[in-house]
Structure formats: C-alpha cells, structure tokens
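Here is a short report on a helix pair and some backbone details. Look over the structure before reading on.

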Amino acid sequence: MLIKYLISFILLFLITGCGGGSDDSGGSSNRSSINFSLSGNISVGSNTARDDDVNDIETKELSNNNIYEAQSIPNPVILGGYVNQTYTGHPDGRFYDAGDWDDFFAVDLRAGQIITLFVTNQDLLDNDLDLALLNREGLILNASVGDGKTENVIVPADGHYFLQVQAHSGASNYVLTIGQNTYINSVGMHLSDDFIPNEAIIQPSPKIQSLDDRFTVQSSDSTRRMLVNFDSIKTQSITDKFVSPELEHKYNTLMEIKRLRKEGITAAPNYKWKSLQTTPNDTLYRYQWNHSIIELPQAWDFTTGDSSIIVAVPDTGVLLGHPDLENKLVPGYDFVRSRYSEIDSDRGIDTNPNDPGDQLPGGSSFHGTHVAGIISAQSNNNEGIAGISWNTSIMPLRALGKGGSGTEYDIEQAIRYASGLPNDSGTVPTYPADIINLSLGGGAFSEGTQQLMEAVRNKGIIVVAASGNENTDIPMFPASLDSVISVGAININKQRASYSNYGSYLDVVAPGGDNTPDINGDGDPDGIISTMGSDVAAKNLQMEYSYNYAMGTSMAAPHVSGVISLMKAVNPNLTPQNVDDLLANGKMTDDLGNGGRDDEFGHGLINARKAVNAASSLNTGGEIVLPTSPPFLVTNPKSLNFGTTSNSTTLSLTNWGDGNLEIIDIEENSGGFLFINGDGLGDYIITVNRDVLTTGTYSATIKITSDINVVRVPVILQVSNSSDTSGNAGLHYILLVDPGTLDSIQEVQAEVRNGSYFFRFNNVEAGEYIIAAGSDSNNDGFICDEGEACGAFSTVYQPTTINIRNSRSNINFSTGFNVIYQSQAVGGAVAPPRKGFARISDKKHKLAK
C-alpha cells in the first residue's frame, strides 16, 4: 500500500485535522461518467431521543402539548426539540401559523438529578425558552426562567414527573438533558431560589421613567442600584397550576423581571441570601472524565507545568482572545498561503495565527483552539475547563485553512518555524518549541517530510501526532513516520475508540472520546470538552468564545503532548530518545489489551502520574525524589448509566497515590438486580438483570470500602415496556456533498430502525465526496444547525473525503445532538452567519452559504 501512496501523491497532498484525510488515495475531484452506489449505517446512542412535534414538515407529528399528551422519554437522556410562538420561526414550518408553544415529557427521575435545557437560537433576546418541573398531578414544583442559553432544575425526590419546555418568546431548537451528578453551576432565575416576591433590584436607566406606573422605587439615589416594588404584576403563567400560591407569586415576579430585562433594564431578584457553594474552580471541570482516567490530578501534586515549556500547535490556528487561552500564548505565525483556502484577509502568510474559522457547514470547527485547550487551557480561573498542564505555553501556528485542510508544504513551514529551522517566514521564534503536536494527517507523504522529522528530533524536539480516524491499520502520515509518537484513541471505558486507527506503528493511546453514548450518565456525551468558538448566525453577527465536545485521535494526541510538557517541567533535559525508552519500558503507560505492546493500544494508555515520576527519575540519576502522595481509592467512571439497553459495563478501581491500598468490601443496595464481578484493584464487570424488574427507572449505589477511604458510585437504569428501546434522533437527511464547494449533490431520507439509519446513494459518479447526515427540526432547509442531530463520515468535526472509484458499503458513522457551552461574544469580531449542510429536497430552502 505504501508504494501505491508514493506513486499517487508526489510532494503535495491535502492534510486534514483529527488525523483524518482522504480514506482512499490517488484520485481527483473530477467526476467520471461511471456510476456507483454508496451505502452504510448511521448509529445513534440508546440515550438519544427527539421531540415528537418539531417544525420539519417532512416528519410525522405526534402532539406533546400538555400533560395528557406528554411524550415518555428515557432517563438519562439527550433530547433534541423545537418550540415556537405563533408567527415565529421559519415561515414554511409546520407550526408557523399555529405555534408550538409547549413540549411536555413524562419521565421517572431520581433525587439530585439535573435537568438542563440548552437554548440554541443565538438571538436569546427575541427567542427565549423556559423549563419547568411538574409533579405527577401536573402542578409546578420548580421552574428555570432566565434569559440565557441554559436553564436547569434539580430533582427534589425520587418519583414520576413531567418536564415542560416553553417558548417564552420567539422560536428555537433546543437540547434537553438529564444527568446524574448532584453538582450544578447555578445560573439564571429559578422558582426554588430564595428571594422576596414582588421586589427587584435594578440598575439606574433613563428608561425607568417611562415604566413608573409598574413599580415603586424605594430609593431616590439614581447613582446606584435601586430596590423597587412592583405595583401590579401581569400574570403570565406557563401553566395555571402551581403547588402553592407563594410559588405562583414568585413565578410572576420573575416574569416581571424578565420583561424589564427585555426592555433594556438590568434587573434581578432581591435574594434573601446568595450562596457561594463549594464548586470546582473551572466551571466545566466535572465533565472532564478524561483527566482522571490518565491519573492527571496525581501528576498535578508534583507539577502543574512550567511556562518556559512550549508546545507548538500547527493546525487551523487558535482563537487568540479566548478567555481560557489568551494568557497562555507565545507569538506564532500563519502559513496558509493559498488565497482559495486562507479565508482571512491577510493575503498569504503573515504573523497572525488567529483562527478565522474554516467555514464548515454548521459552523467552523475551531479545531486548533480545541486542541490547544486540551493541552493548556487556563486552570483555577473560574472559567471553562482545565488544561492537561496549567502553565505550559502554546505556540499557535495556522497551517490548515478552508474546510480544515492544508498542504504538506504549508505544514512543513509551520513545523520548521516551531523548530527554529529556516522557513518561508524568513524568521524564527525567540524560543523554539519543546513539543510539536500534529492533530492532522493524510494518506501519503514525501521523503522530505521524513527528513524534516529527523531534523526536528535532532534538535531535541518531541513530535506527537494523531494516528487517524479511519478504523484501519493502513498507515497515516506523519503519525507513521520514524521520529514521531503515534497516538490512538480510547473511550471512557478504556476501549479502543471505534474510529481510531491501529497497527504496528502505534505507540500509545489517550482519551479521544465518543459523542454517541453517555456511559457515566452526566447528561452530556462522553466526548472531550475543550475550548471552541461559535460562528453560527448570531445577534449582531458576533463570533462567540465557547466550549464544546469533539472526538477523534486529534483529541487524543494533545493529551500526550500535554503530559510530555509536564515531564519537561520536572526534567527540562528530557530528550525524544528518553521518551521512546520510557514508553517502550512501560514507565509512562498503563498496559491495555494483550500483555506488553500490541497493535491496538501500542504501549498502553498514557498515565500522567507515572510519566512525571519517570521523567523526574531520569533527572536524578534513577532515584525518584518527587514527594509521595498517600494512597487513595478512585473509580472510573464516577457513575454508571445502563440506559434502556445496556446490561454490562466496566468499572475500574485505582490507587491514585503511592503505598499500599487494600479493597476491604464491595456492596450494593439494588435489592437484587445488580451484580459485581472482580477482585482487588483493577477492572470489575458490573451487570444488571432486567428480568427481575418491571417498567420504571431504577437507581442504586455501589459502595467500595478500602482501608484508606470509601467511594460510592451511583448507578441508574431504565426498564421500558416498549419493544424498541433504541435511540432515536428523528428523521434524518443524508447528503452526498462536494468537498470543494460544499454543495449537496444527492439527498436521501431515513427513519431510525433499531438504533440505526440505513442509507444508500445510487448513480454516484466516480470522484470525491463527503457524506453528512442530520435532522432539520426548525425546517430552515439546513441540517446540522445547533440543536439538531448531526453526523458525518468519519467524524462530524472533520469529515473525511471519500474517493469513489467503485461501489462501497459499510460507510458507517454516528449521529447525535450536541450543545455549545457559551463563554462570551468577541467584541468587534464580526463573523458571517453560519448554517449547516443545505438540503436539496426543497429548492426554496436552498439558501446561499
């Protein structure tokens, strides 16, 4: 195969992020007159559900507009939906005239679970959704009625409940999630908040005079915040029934505050007290399961990194102003030279490595920003996520342009610059990089690239690359080259990720994630969350800094780069050969699969604690001088979700510290449906017996007692009376897309069957294509808008170009709903509106991208 690659690609080839690229080599984008067929299956997680009445006119409508028609949903769940008021949303949609004001869902819940509503319309001022929790009699117990992107409520006790999503104004797609964890970053306004009804605190504003008939101001000092009493409150209940008159009074107070906010007045409830809860410093850290699985917190006891250590990231660039990255960056460079792919207006290579977006349908990937955040996002700053290293510096280098693609030559210039070697910029950095992370790749290479890697290694620089996302043992480059550490991906259960490449060239694996399941039941997919941007259509067309999930070997590689940066912090003299030797001797990894090195996991799963210890030992002549930490029992995952279909899963017990730790006892309180098989530290198989259970939601706790500490693992599952318990992401449109123009060439529709969508394209001309799939809940003629289901081969974050020269089957990938955690809008940074892939079944919806 290597000879074939060399013949087909001489000196120049397209390279794409996530270790992706063309899954077949040696073709052009020109179409031939020979026709073929393409087919495959699109899987959806069993915890995925869709709203029964969305705006898409092609879907079958089942009303869920009141508690008597409430749609039953599983728990935990990730659900995509749509609501709108009358005459809002897309004019051609199903509910434009009549409106679809409310969606009701029936579900069994457990105490402490979190219900979260993500509002996906970017214009939150005119498109506002609210969330309510109702008891089994249909009386409101709690509601979240803020005006931001998320609403959330906590379940007070075990029981059967109704959830209500309401369009307070306008129209929007939404994603509704139910998760296990009891931690919540409480934002917005909730009925359960403790505040004084009929009062509000407002900021001075000239608009107040025109509203004097609605409230009485308690202070005459217009230079500071004022307390007001509402003289009359317009009742605008999301339902006519509350569990108490006091709760209804509080609700109407919040509605009046919301009205003031929409009129431009800063208003808030007059809280009786405002708790500063003990929460993780980084607000999204609880979703970073990928840190504990590589024993990263123990490594932080030794070092949190050093700002003098630099990791270069040749990629799509980095959002230089992202609040979780802006203080971590050293000067970089933009090496995208083609005017067809550079996107920014700088006309060729320049000193600005900011990521302008790669203009993928559905919004740019901001791939390099995601990679950089995994390595070294700011930590302990009450913002977003924590990086692998808290202090490592990032050198942003832009080498991938439109569509997330670039050329071998441009990437070579970025690598040369990072290494302090001569390059087309005519300059070199003051301090070259210590590590180069390459979350990119292609199916061929030129001999000059191998020579470059050797030159970089000779300068003492360590190169880390993603193995690729094609689920194949066919080598991808540069990961397969000598002098490069090739990184594959594992999921939350330490299994090889379904997309991850493998083979004799693989060196190590790291968390790459999987956005289909929710194994730990936290209400979010088990992908890798990191820094991102959002350039979808927004109010004032402002691009937003945000956080989102991605999956791929592109996410695995920066875990290894980040860990090596921690190693360099304790041993600045660490060499590429040192790292190779430590990997080969198992000093940096936990062995997975067959004993010793194997083609599926390489030398095993990167272990940050072991790696830092090993690097320090080299620095001290073989004696480990790092401080020891006491033994401490931890589990992975921290909670278990069996959903409606799973019957077994793996629970890992690990000693996070040094010294001895003994498991004394393991017990569970399920009453007979849960079984535990294992011994001592290591992996346990946890199984459930659904045959002894009737329809309903069940929870239990596994209590693990060691001689050091006790760990409790929450377990949840659901037994359905339906014969089909598989996931459903709604009607899907599968598109055959031209990778050059991103125009849709063919479209087929598919409904889910047993958790999978089957598709087939006929009469396909030979050439290059992308295959994308998704729903169109808002009926705007585009799939993959935020809040809609979306998937692409091989991953949605970096679709793989397929070169078709014969008929193909088994083109398989996954789909699911996703959300973006919003950080802030970029002041003055105006981005064009972004939409998903354009459908072609309805010509009047084929809008310009």
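## A helix pair

His 367, His 370, Val 371, Ile 374 and Ile 375 in α5 touch Ser 554, Met 555, Pro 558, His 559, Ser 561 and Gly 562 in α8. Contact means heavy atoms within 4.5 Å. These residues of the α5 and α8 contact split into 5 nonpolar, 6 polar and no charged. Ala, Val, Leu, Ile, Met, Phe, Trp, Tyr, Cys and Pro count as nonpolar, Asp, Glu, Lys and Arg as charged, and the others, Gly among them, as polar.

Helix α5 covers residues 367-376 and helix α8 covers residues 553-570; they pack at about 35 degrees, with axes 8 Å apart. Axes are lines fitted to C-alpha atoms, for helices over the stretch in contact, and angles run from 0 to 180 degrees between N-to-C directions. Helices (H or I, at least four residues) and strands (E, at least two) are DSSP runs, numbered from the N terminus.

## About the model

This is a predicted model: local features need pLDDT of at least 70, side-chain atom pairs count only at pLDDT 80 or more, and totals for chains, interfaces and linings use all residues. Residues are numbered from 1 along each chain as its sequence is written, and side-chain values use heavy atoms, without hydrogens and water.

## Cis peptide bonds

Asn 636 and Pro 637 are joined by a cis peptide bond, with omega about -5 degrees. Pro 637 sits in the loop between β30 (633-636) and β31 (640-643).

Another cis bond links Phe 793 and Ser 794, with omega about -5 degrees. Ser 794 belongs to the loop between β43 (790-792) and β44 (802-804).
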